[in-house]
Every structure is written in structure tokens, then in C-alpha cells.
Amino acid sequence: MSTNATFPENPDWMSRLPAHLHETPLNQLAIPGCHDSGSYKFDKNGGVGPDADQIVKDLEKLFGPFIKDILYRWAKTQNMNFAQQLTAGMRYFDLRVATRQGTEDLYFLHSLYADKVEPCLHEMDIFLDAHPKEVIILDFNHLYAMTDVIHGQLISMILEVFGHKVCPLLDMNSLTLDMLWSNKLQVIVIYHHQIALENYQIWPGSIIRSPWANTTDANNLVQYLENVYDSGHNEDIFLSYQGVLTADTSYVITHVADSLKTALADKASPAVVKWLSNKVPGPNKLNICIIDFGDQYNFMSTVLALNK
């Protein structure tokens, strides 16, 4: 990642929303987020992660560094680290976590291992201390090679890092900025495992719907998002609009000289941002919006402008 890169800066956008939106449930606001939020850099010297297809694992054993160079280009979905994402205005985080052989630490990953989880959570906490009216949604939705004991350890880590900032499970109509501000709550933790049902501070995976187009065609993606928008959503849950194209292993093999950004994101994201520009947040309408490389394509300014 270039040290000269210029990223959007919207560190306090929630505190600057119009007063009438302070009493609006969070699932009726337009909230920008990153797809695969932890996939901004990887350890090329580490092994392939447990989320990778078996054919990728087999190729890595045969070709080693060559395959990892290809994987790096196709696994990277963001330019910004977590602190930069928060400063840019991202408030929803799509998190994928796994164990790693030879260490007790947990890591973010996307076929390759990325940063350790715990230091990144502390980065987020530092940001929240400096911006007490900003609220984040942490969606731990892909969890690999983890026993029940390790799930419990991750939950304990999250609660220890964020402490009193963690918002307990509530009905959605109560989840407004005014309520969160008055109780000094800043973190909503969604966790896609049955352990979430055992802790009142953790929101279960059923609290969010994340329809996935699973296509490499930008026109098909936009039509899919339009269908989701037209069908509305349950007012008791969050709805994430995934404005991303997805490559399977065979697609990557036939586009081996490309990258996720050049082959997919540069096609999808401008089309998705254009589609977003005339949409309306609110009941049964727009809510969480995520893309790859969220620092680009005027994504941040487009989504935030919908809150009016």
C-alpha cells in the first residue's frame, strides 16, 4: 500500500447527521462498510488459509511462492487498514477469522493470512475513544478452524478490548444514535456461531441478512441488488447490500495475470455506486452498503449523502 495514498476522511459523520436521524434505528440509516475488511495486506511467507479451495492448497504445495503472488492479487479487497477505514467513515466491518498452525493467535484472512485480530481490535478501540459518538458494527461472519473453546476465547477478547462500549442485544427499534450516545455504547458485535446465543452482549448472525449475487458480471450484480431493494427487508434486522463480484478458482486461473481489483472491482464498484446514488435509506430500503476498495469510486461520499 502506497504511503502517499490519499484516503477519504469522514471520522465524525455520525455525530454530524441531521437531528431527526438521531432517533432513527441504525438499520434505517445508510451505513458504509468494507467487504472482507481485514484483507488489505497478507503474509506471503505464511501458509494458505483454511478458507482456500482444496485445489489452491494443492497448487501451493507444488508451486509455493508463485501461487502466493497470484493469491495476493486476488485476495486483497481493500487498500486501507482498520484505522484508515474508520477515519474514512466505514462503520460496518465484514470480518473473517481463523486459527493458524503453530500459534495461539487468531488472524484475519482471505485465502492468505492477514493481520492478527487482537491488535486490530485495539486500533478500533483507540479510534472510538477519540470519537465517542461514532458507532461500529463488527460482523464476525466467517470463522474457520475454531473449536468451541476458541470461539469462547475470541468472544472474551472482543468484550475485554471494548468493555463498556459493547451494546447488548436489543430490539432494533431501540437501536438509535440517541440511545447509544446516552449510554456510551459504540460497538455492536454480530457473531455467526451458536455461542452468540449464550451471551447477552453478542448479537446472533440471524440479526443481519447479507444477500450475495455470486456473479462476475456487473450488470447481473446491479440487477440482483435492485431485486433485493425492491423486495425490502424485515425491520427487525440489518440488511447488507454486497456490491461485489466474486471469482471462483477457475475464473482466477483463466485471469491469472489480473487481480481482483482490475478484473472485478473496477467493473463492479462504479456500477454499484451509480446504482446507490438515487436510493433511499429507511424501512425496507437501503441500509449497510459494502464494496471492495472502499476508498475509491466516490463510494463514501455517495453513501453518506443518502442520510438526509
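Visitor: Which element gives the largest share of the lining of the second largest pocket?

Guide: This is a predicted model: local features need pLDDT of at least 70, side-chain atom pairs count only at pLDDT 80 or more, and totals for chains, interfaces and linings use all residues. Residues are numbered from 1 along each chain as its sequence is written, and side-chain values use heavy atoms, without hydrogens and water. A pocket is an open set of points on a 1 Å grid over the protein atoms alone, where a 1.4 Å probe fits, with protein on both sides within 12 Å along at least five of seven lines; lining residues have an atom within 4 Å of a point. Four residues, the largest share of that lining, come from β3.

Visitor: Which residues lie closest to the centre of the second largest pocket?

Guide: The space in this pocket is about 230 Å³, counted as that filled by probe spheres set on grid points joined across faces, edges and corners. It has 13 lining residues, and the closest to its centre are E104, D105, L106, Q153 and M157.

Visitor: What is the volume of the largest pocket?

Guide: This pocket has 39 lining residues, with H110, S111, T246, A247 and D248 nearest its centre. Its volume is about 990 Å³.

Visitor: Which element gives the most to the lining of the largest pocket?

Guide: Elements are DSSP runs numbered from the N terminus: helices (H or I, at least four residues) and strands (E, at least two). Those giving two or more residues include α1 (54-63), β2 (92-100) and α9 (260-276). The top contribution is five residues, from α2.
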